[in-house]
Each structure stands twice: as C-alpha cells, then as structure tokens.
Amino acid sequence: MAITTLSDVIVPELFNPYVVNRTMALSALYQSGIVANSPEFDRLASEAAPIHQMPFFEDLTGDSEAVIEGADLTAKKITSSKDVSTTIRRANMWAATDLAAALAGADPTKAIGDLVAGFWARDLQKELIAVLTGVFGTWTDTSGETDVDVTPLSDHILDITGAATAAAKKISASAFIDALQLLGDAQEQLTGVVMDSATKAYLKKQNLIQTERDSTSVEFSTYQDRRVIVDDGIPVSSGTHTAYIFGEGAFAYGNGNPVGFVPTEVDRDAKKGSGVDYLINRKTFILHPRGIKWTNADRAAVETPTRTELASAKNYERVYESKQIRMVCFRFKLD
C-alpha cells in the first residue's frame, strides 16, 4: 500500500491561505473583535522594514466660539503625531511522525491545515499576553539624575490587591465596574474581557457568568455583557490575578507576505531510517496595540522581537489620547 507523504498533500499555494484564514476563524481573540485584521496592516506587515511609521492627526479639542458680528474667529492648529508598529516573525517545524494521524485521514490536507492553524491561533494568544504584559508593565528610566519608574498605561490599571480587607481585594461586580470607569464616558466601547480559568470558575460559582449564542448558534460566555475569553497564559503572581478588558479593534493585526518570504516548505531527511518528512510553516505579522507605539528600545535582533522583548514595558509609549485606547488592566485576588 502506498504511503502518503507530506509532499503528496501539501501544495503551498493552497495551503498558505487556508492556514491564514483558518487561524483567524479559530482565534477567539479575532472572533470576539478584540483583534481586527485590515488590508492596511497586511500591507505594512509585507514591507521589508521591521518598523512601520503610522502618522495620524490628533483629535480636535477645545470649545467652540460665539459668533459675534465683526469679530474674527481664532484659528486653531490641527496637530499630528506618530504611531509605530513592528513586524513579528515566527516559524515552527513538524515531522511527519507528528502528523501521522492527520496523514491517514480522509482529507489529510485539511486535517494538517487545521492542526497548523490551531497551533497558530493558540500561539497568537501567547503573543497578545506578552504584548499586554509590556503595555501594562513598568520599567525604570535611569537616564536622569534620579531613577524614575515608567508605566506606559498607568491610568488604565486598577489594582485592588492593596485594599484594606481581604474581601475588598477580591474581584466583584462593583470592582469590575470601577475598572470600566477608568475610561469614563468611553467605557461602553469595552466589549470583551480576557481572564484565566480560575477567575472564570470563581465568577461562575457566583452565577455571574452568562452563556449566549451568536448568529451561527456558537455558544460563548459573557460577564457584565462583555464576551469572556479564557487564557491560562495570563501570569498569576503571589495570588494576584489579572483580567484585561478590551474594546473592538483594540489590537490591529496584519498578515504579511514580504518579498522573498516562504511561508510553507516541505523538506525530507533521507538519511534518517526510511526517511523523515518535515513541514515548515512561517508567519510574518503585526499584532499592534492601537495608540501605543513601539519604541524599539529593548531589542536584540533586527529581524524580529522575541516574545520576551514584546513583554518589555520599555518598548511601549502611549501616543493616543487616553480614552481612545480601548483596553484596561484589572488586578485582584480570588481568596
């Protein structure tokens, strides 16, 4: 009986777009609207440059003037600023033995594509958590006469773990409302929350988690009308849990295809036993928190930042006005 090999079923021209589209379909972040893909960011991710300048006009501020006959109006400036994103490059390689069950399936191409897409969907959540760790982290600026701690989004963080009583340190409906209030009258744009499974279980025991269905009858959980995404990759330190509350499009996402980029390759090592087939899959993409520019201050390689560097607070600086940034960090205890 003939043996199905990777080269028999993997046609890169068909496999690549399938994996890209399937990854977004499987990603809870993308489906919730927190991460939004756009042709603009696809184009930026396809540029050869690792850093991308994105100028924008500042919002108009101030008050209107009274119209008085014979009096001139005062001209106000429209100011501009600059957001900056960086390209992230990742790759993985699987041996045919890792994909043996998929190769034996009725449709091995689809089965392998689903496995690869599922891997990238999970990996994307890890990248997002790393970026959030940096955006809401703190770094020490030692350039002046005295050291200064810098937290890029300090006014978007509610930490109740220092409260006077144990009860006041715990997550509650009222404390969650306080976290939403950090955005004031812009809080209605916060539509989703990412939390770890222990936090969801704690809220579920109190009957605070609701189950709803979308237009395609797919069930999802909500907390205070915000869609819940569970990710145990969120760090828990000394009993302190973190929930991230988002608005739609808080993160911009772009799939890149720069010149010379080879997203999928099949290789074979004939020297090992009867030979081993390998599937190599690469991604070039942008995952950018809108309104928070990448400073590139903590980076070793030109080609890509590592996940550790994505988690470095030194690499971020806010450029949007506070209420335009659709994300909040909420820290609390469970016991």
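Is Asp267 buried, exposed or partly exposed? At 43% relative accessibility, Asp267 counts as partly exposed, where buried means under 20% relative accessible area, exposed over 50%, and partly exposed in between (1.4 Å probe, protein chains only).

The structure is a predicted model, in which local features need pLDDT of at least 70 and side-chain atom pairs count only at pLDDT 80 or more, while totals for chains, interfaces and linings use all residues. Residues are numbered from 1 along each chain as its sequence is written, and side-chain values use heavy atoms, with hydrogens and water left out.

## Surroundings of Asp267

Asp267 belongs to strand β14, residues 264-269. Strands (E, at least two residues) and helices (H or I, at least four) are DSSP runs numbered from the N terminus. Apart from neighbours within four places in sequence, Asp267 is in contact with Val276, Asp277, Tyr278 and Ile280; contact means heavy atoms within 4.5 Å.

## Salt bridges

A salt bridge is a side-chain nitrogen of Lys or Arg within 4 Å of a carboxyl oxygen of Asp or Glu. By this rule the count is 11 salt bridges.

Asp123 is buried, with a relative accessible area of 10%, whereas Arg307 is partly exposed at 29%.

Through shared partners, salt bridges join Arg90, Asp123, Glu127 and Arg307 into one network.

## Nonpolar cores

A nonpolar core is a set of buried Ala, Val, Leu, Ile, Met, Phe, Trp, Tyr and Cys residues joined through side-chain atoms within 4.5 Å. In soluble globular proteins, nonpolar side chains tend to be buried together. The largest core in this model has 33 residues, of which Leu132, Phe136, Phe246, Phe251, Leu287 and Met327 touch the most other members. At least two residues of this core come from each of α6 (108-135), β12 (241-247), β13 (251-255), β15 (276-289), β16 (292-294) and β18 (327-332). Helix α6 supplies the largest share, seven residues.

Beyond residues up to four places away in sequence, Phe251 touches a set of residues including Ile34, Leu128, Leu132, Phe246, Leu287 and Met327. A second, separate core of 22 residues includes Ala243, Ile245, Val328 and Phe330.

## Aromatic rings

Rings of Phe, Tyr and Trp (its six-membered ring) pair if their centres lie within 6.5 Å; planes under 30 degrees apart count as stacked, over 60 as edge-to-face and the rest as tilted. By this rule there are nine aromatic pairs. One of them joins Phe330 and Phe332 in a tilted arrangement, 5.0 Å centre to centre with 50° between the planes. Phe330 is buried at a relative accessible area of 0%, and Phe332 is likewise buried at 0%. Phe176, Tyr223, Phe330 and Phe332 form one aromatic cluster.

A charge sits over a ring if NZ of Lys or CZ of Arg is within 6 Å of the ring centre and within 35 degrees of the ring normal. Arg227 lies over the face of Phe220 at 4.4 Å from the ring centre, and Lys283 lies over the face of Trp120 at 5.9 Å.

## Thr23

Trp120 is also among the contacts of Thr23, together with Ala117 and Ala121, when residues up to four places away in sequence are not counted. Thr23 is located in helix α2, residues 12-26, and is buried, with a relative accessible area of 3%. The side chain of Thr23 reaches the backbone oxygen of Val19 at 2.6 Å.

Technical notes
Polar contact = N/O pair within 3.5 Å; in protein donor to acceptor, adjacent residues only side chain to side chain.
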